[in-house]
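Dear colleague,

Please read the notes with the coordinates open beside you.

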Amino acid sequence: MSVLVLIANPNEPALSSALVQAVHKETHGEINWLAQGIACEIISPRAADPLDIARDVLGSQPVDAAHIPLANRRKQLLVADMDSTMIEQECIDELADALGLKPQVAEITERAMRGELDFEAALDTRVALLKGLERKIVEDVRRERITLAPGGRALIQTMKAYGAYTALVSGGFTLFADYFAKRIGFDEAIANVLEFDETDRLTGTVDKPIVDKTTKRNRLMALTAEKHLTTAQTMAVGDGANDLDMLSAAGLGVAIHAKPIVAEQAAVRIDHADLTALLYLQGYNDDDIVR
């Protein structure tokens, strides 16, 4: 038993009845709307490759498609990346901008997130360039330059309302992860610790061992065991190469607005919708969502 889910961005509700009917004509199954214009599921599609068919029918329409099992659909654990996933920026790039170094640092970040560079080495290189930055400037960047990704708070609050545990596990920094985890509503946050000197300026170093792809995967597995869950009851979401191990270890791994290597390998890719897509994937309808 499976379900084909079609999801548009709430800010561009492009999922029309005609589009759903066109997909249904080729896949068959039972149509059930989750949110008019935004999300619809086709339960038990009978076509051999419903996802490929749906994507062919959707063409260039800004609508995502996912084909997932019906069993264990509502997850009891979510582990999420932070930078460019739960927030819209890469924090380290914004810190570098305060020193006039954003182009240099952002290029390294981009290559690391595409999986072209060793994550730890790339992190050390970038953090070294931040040496001397005052704590006050870091806090100003956090307050003024970082924005929450749309749908993130609804995702976390809704899953928690239905009994799920939520963890933010980031290769970024605790100064951001702890702050935004609290604002969004996560149960816990894990991230790297920037080191400061006696004058409250960055030393250009980060505490070791760092939070990397292995940490993310291990925390997902540890929480699964601690909460007495099966793998099928877990979900992970991220966008970069350091999220791949976590996404593949979860019952449902979702690549959101992700780098090509991640979008290609994840079980589900979301290119158009916001983070509420993860609720529709789980079968929540518009009335269920905590806003």
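What kind of contact do the side chains of Glu110 and Arg114 make? Please bear in mind that this is a predicted model; in it, the two side chains meet in a salt bridge, with an N to O distance of 3.3 Å. Glu110 is partly exposed at 33% relative accessibility, and Arg114, at 29%, is partly exposed as well. The pair also belongs to a network of salt bridges that links Glu110, Arg111, Arg114 and Glu116.

Two further pairs bring together parts of the chain that are separated in sequence. The side chains of Asp243 and Lys216 form a salt bridge with an N to O distance of 2.5 Å, and this pair links distant parts of the chain, since Asp243 sits in the loop between strand S10 (234-238) and helix H10 (244-249) while Lys216 belongs to helix H9 (residues 213-226), 27 residues apart. Are these two partners buried or exposed? Asp243 is buried, with a relative accessible area of 0%, and Lys216 is likewise buried, with a value of 0%.

The other pair is Arg145 and Asp97, whose side chains meet in a salt bridge at 2.6 Å, N to O. Over the whole model, the count of salt bridges comes to 22.

As for the overall build, the chain contains twelve helices and twelve strands, and its C-alpha atoms fill a box of roughly 65 × 40 × 35 Å along the principal axes. The radius of gyration is 20 Å, which agrees with the value near 19 Å that a compact globule of 291 residues would have. Buried residues account for 53% of the 291 residues, and, among contacts with a separation of 6 or more, 63% are between residues 24 or more positions apart.

Conventions. Residues numbered from 1 in each chain as written. Predicted model: local features only at pLDDT ≥ 70, side-chain atom pairs only at ≥ 80, totals over all residues. Heavy atoms only, no water. Salt bridge = Lys/Arg side-chain N within 4 Å of Asp/Glu carboxyl O. Buried < 20%, exposed > 50% of the residue type's maximum accessible area, 1.4 Å probe, protein only. Helix = DSSP H or I, 4+ residues; strand = E, 2+ residues; numbered from the N terminus. Rg over C-alpha atoms; globule rule 2.2 N^0.38 Å. Contact = heavy atoms within 4.5 Å.
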